[in-house]
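Visitor: I've got a few questions about the helices in this one. Can you walk me through them?

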Amino acid sequence: MKVLEERIREEGLILSDTVLKVDSFLNHQVDTQLALQIGEEFGRIFGHLPVTKVLTVEASGIQFAMAAGIALGVPFIYAKKKKAVTQSEGVYSAPVHSFTRQEDYRISISRKYLGPGDKVLIVDDFLATGAALVGLADIVNESGAELLGVGCVIEKSFQEGRSLLEDRGIAVHALARISSMSPGEIHFIGNPDTAEMIKESVEC
């Protein structure tokens, strides 16, 4: 998705060879038109599949799961990181380790909204270590639903997330795949011999 790659080049801030900050347009302040374009692209990629639910984790995946749900004409569900006092019914849950926050937590989804007969597409903002997506896949399996695939906005392909999912037989599609990066420089898969320079003037 070229428009996404261009925004990463123009506004992304690479803090290290593993940390990319895109909070000016994707996961803190959100460019709503870009989010809708991302949803439409997921709709194009996965629209031939009989998806009944789009699934994500709060909070950064919510806008993209909603946009994908709109494009596919189905509801979306987000897994909660803390059980609310109003969530008195049974839940599916799974442990997750956050790479960016360096903490462990449990995600949960009400059994009312996911079950056998559902065909699920998982959508998230980043694929890196894959921990959150593996947790979601475990919940889908526990529910008896069928997981049709995973869509990610940005993939750091030099980390192990994709292989963890593909080893489980899960189809993965990312809209922007980063093969390597370092402060001031980024390489996208598809242009392996071209180093794209990141603008240094982006505010933190």
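This is a predicted model: local features need pLDDT of at least 70, side-chain atom pairs count only at pLDDT 80 or more; totals for chains, interfaces and linings use all residues.

Visitor: What should the 15 residues of helix α2 span at 1.5 Å a residue, and how far apart are its end C-alpha atoms?

Guide: Helix α2 runs over residues 32–46.

Visitor: Which residue caps the N-terminal end of α2?

Guide: Look for a side-chain oxygen close to a backbone nitrogen. The nitrogen belongs to Gln-33, and the oxygen lies 3.1 Å from it. That oxygen is on the side chain of Asp-31.

Visitor: Is Ile-70 buried or exposed?

Guide: Ile-70 sits in helix α3, residues 62–72. With Leu-36 and Met-66 it forms a nonpolar patch on the surface, about 280 Å² of accessible area together. The cut-off for exposed is over 50% relative accessible area. Ile-70 has 56% relative accessibility, so it counts as exposed.

Visitor: Which residue follows α4, and what is its phi?

Guide: Helix α4 covers residues 131–143 and reaches 19 Å from its first C-alpha to its last, close to the 18 Å expected. Its buried residues include Leu-133, Leu-136 and Val-140. After α4 comes Gly-144, with a positive phi near 85 degrees.

Methods: Residues are numbered from 1 along each chain as its sequence is written. Side-chain values use heavy atoms; hydrogens and water are left out. Patches are made of residues with over 30% relative accessible area and no salt bridge: like charges are joined within 9 Å, nonpolar side chains (Val, Leu, Ile, Met, Phe, Trp, Tyr) within 5 Å. Accessible areas come from the Shrake-Rupley method with a 1.4 Å probe; for residues, only the protein chains shown count as cover. A salt bridge is a side-chain nitrogen of Lys or Arg within 4 Å of a carboxyl oxygen of Asp or Glu. Helices (H or I, at least four residues) and strands (E, at least two) are DSSP runs, numbered from the N terminus. Buried means under 20% relative accessible area, exposed over 50%, partly exposed in between (1.4 Å probe, protein chains only). The expected span of a helix is 1.5 Å times one less than its number of residues. A polar contact is a pair of N or O atoms within 3.5 Å; within protein, one must be able to donate a hydrogen and the other to accept it, and residues adjacent in sequence count only if both atoms are side-chain atoms.
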